[in-house]
Amino acid sequence: MSSRNQEPRPRSDPSADGAAQPEEAEVLRHLLRRPGYLKALVFCALIGIPVSLAAFWFLVALHELEHVLWTGLPEAMGRDTPPWWWPFPLLLVAGTVVGLVATHLPGGGGNIPASGLHAEGGSPVALPGVLLAATASLPFGAVLGPEAPLIALGGGLALLFRDLAQAPATAQSTALLGAAGAAAAVSAIFGNPLVAAVLLIEVAGVGGPQLFAVMLPALLSSGVGALVFTGLGRWTGLATGDLSLNLSAPVPHLDVADVAWALAIAVALAAVLHPLLAGARLIAAYVTARPLRRTVLCALGAAACAALYALITGRSSGEVVSSGQAALAGLAADPHGWGVGALLAVLLFKGAAYALCLGSLRGGPVFPALFLGAAAGVLLAPLPGLGLVPAMAAGMAAASAITLRLPVSSVVLVILLLGGSAMMPVVILAAVVAFVVTELLPAETISAAAK
């Protein structure tokens, strides 16, 4: 009988698999004992200092410039809020500068945000273009966040310091230092090193598709398990003991209706945001052919969205432009101050401006997605049995997971924003369901948009 027809024999030694564990432990121990790796750890720790300082002052400069453009200048004109036409000149500047950077400077000003976050690509030679394009985009009203430029800034600075120190430039050191620098920089905007570390692990694709295949069932089962424990504790009046702090602030209790509506919100947002993101990738392909002219057109399109919102609702165009970080804080502080019409309008116009900016300007996709998810949650909160906090939590988690395709990072980020773990089951379930539904939607939409 030919050997090719014989099936491979299963291992008969049950200790064979267990023997791999000590070997893997030895490999890790050997790696940690290598002088080169220990030097790399020390170098990464030292790099974190200047990178964090640079990221801090970069964010401060963006914030101060945005305040001048959208608050200081209108106040100097005797206005409490910017006039409806205000986005046009500012986004015209943004589109022109980004188009020139994309055409003439190395690196093209960084990755187009419609392609998602990337851990690779940060290089010293591309840093001037990245910083210039981000400075022209974010304070001038691009519906994007600062996380992508921060990742490029941190990675590029780390490699620059390595070159200045004349350290060996290997593929391993490039990946290691780039990830370390990016994590140090992006933690400045999230205010939490854990979010930055988890985000970089997922963005770098450590483990590949197999990581997601293992991670999603674990996330889903942990969310369901948390719901069961929460419900049993309330129904029986018994306690098992847990690692938690009893805070003085009132925490809403999750009900069955909250969970059911959260799953429905996740599916609905996937159905809406999936084509929006596909459209953003189509816009990116359209802009790439003629960067200068078409970037300006897209920027003016985003300005038109903000101006129409201001004219129709009588509210500030600032609620449509920019990342939505400030508007998200205002929405969370006074959700009842937004009527149904205003919520529908901001979802429509900010969503359209978001797609245009994702395909043309420079920045990150995180904060606008969080705002859109939160606004959708506030809009749907009056549904029977649905609470405001669970609705916002589910909306933010779902929108973030759909946009970033990073479910664990989305869960950690939303829990951090909520300031507690009471909504964690809803956040986990919404993020996992939204991620899975998005991945299962027709691939032709994604592939066609990428062409």
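Val-433 touches Leu-263, Ala-266 and Val-267 when residues up to four places away in sequence are not counted, contact meaning heavy atoms within 4.5 Å. The model is a predicted one, in which local features need pLDDT of at least 70 and side-chain atom pairs count only at pLDDT 80 or more, while totals for chains, interfaces and linings use all residues. Residues are numbered from 1 along each chain as its sequence is written, and side-chain values use heavy atoms, with hydrogens and water left out.

Val-433 is found in helix 16 (residues 424–440), where helices (H or I, at least four residues) and strands (E, at least two) are DSSP runs numbered from the N terminus. Although Val-433 and Leu-263 are 170 residues apart in sequence, their C-alpha atoms are 6.9 Å apart in space. Two packed helices are described by the angle between their axes and the distance between the axes. Axes here are lines fitted to C-alpha atoms, for helices over the stretch in contact, and angles run from 0 to 180 degrees between N-to-C directions. The axes of helix 9 and helix 16 come within 8 Å and cross at roughly 35°, and helix 9 passes helix 16 in a right-handed crossing; a crossing is right-handed if the near helix is turned clockwise from the far one by less than a right angle, and left-handed if anticlockwise. On the side of helix 9, Val-259, Ala-262, Leu-263, Ala-266, Val-267, Ala-270 and His-274 meet Val-426, Leu-429, Ala-430, Val-433, Ala-434, Val-437 and Thr-438 of helix 16. The residues of this contact comprise twelve nonpolar, two polar and no charged, with Ala, Val, Leu, Ile, Met, Phe, Trp, Tyr, Cys and Pro counted as nonpolar, Asp, Glu, Lys and Arg as charged, and the others, Gly among them, as polar.

Helix 9 (residues 256–289) also packs against helix 10 (residues 291–313), their axes coming within 6 Å and crossing at roughly 140°. This angle makes helix 9 oblique to helix 10, since angles under 35 degrees count as roughly parallel, over 145 as roughly antiparallel, 65 to 115 as roughly perpendicular and the rest as oblique. Ile-283, Tyr-286, Val-287, Thr-288 and Ala-289 of helix 9 meet Pro-291, Arg-294, Thr-295, Leu-297 and Cys-298 of helix 10, and these residues divide into seven nonpolar, two polar and one charged.

For helix 11 (residues 325–333) and helix 13 (residues 366–380), the axes come within 9 Å and cross at roughly 25°, which makes helix 11 roughly parallel to helix 13. Helix 11 passes helix 13 in a left-handed crossing. Among the residues making the contact are Leu-328 and Leu-331 of helix 11 and Phe-367, Leu-370 and Phe-371 of helix 13, and the contact as a whole has nine nonpolar residues, one polar and no charged.

Grid points are joined across faces, edges and corners, and a volume is the space filled by probe spheres set on the points. The second largest pocket holds about 740 Å³ of space, and of the 31 residues that line it, the closest to its centre are His-63, Glu-66, Ser-322, Ser-323 and Ala-326. Helix 2 (35–76) and helix 11 are the elements that give two or more residues to the lining of this pocket, and helix 2 gives the most, with eight.

The count comes to one cavity of 30 Å³ or more, and the largest cavity has a volume of about 40 Å³.

Notes: On a 1 Å grid over the protein atoms alone, a cavity is a set of points where a 1.4 Å probe fits but cannot get out, and a pocket is an open set with protein on both sides within 12 Å along at least five of seven lines; lining residues have an atom within 4 Å of a point.
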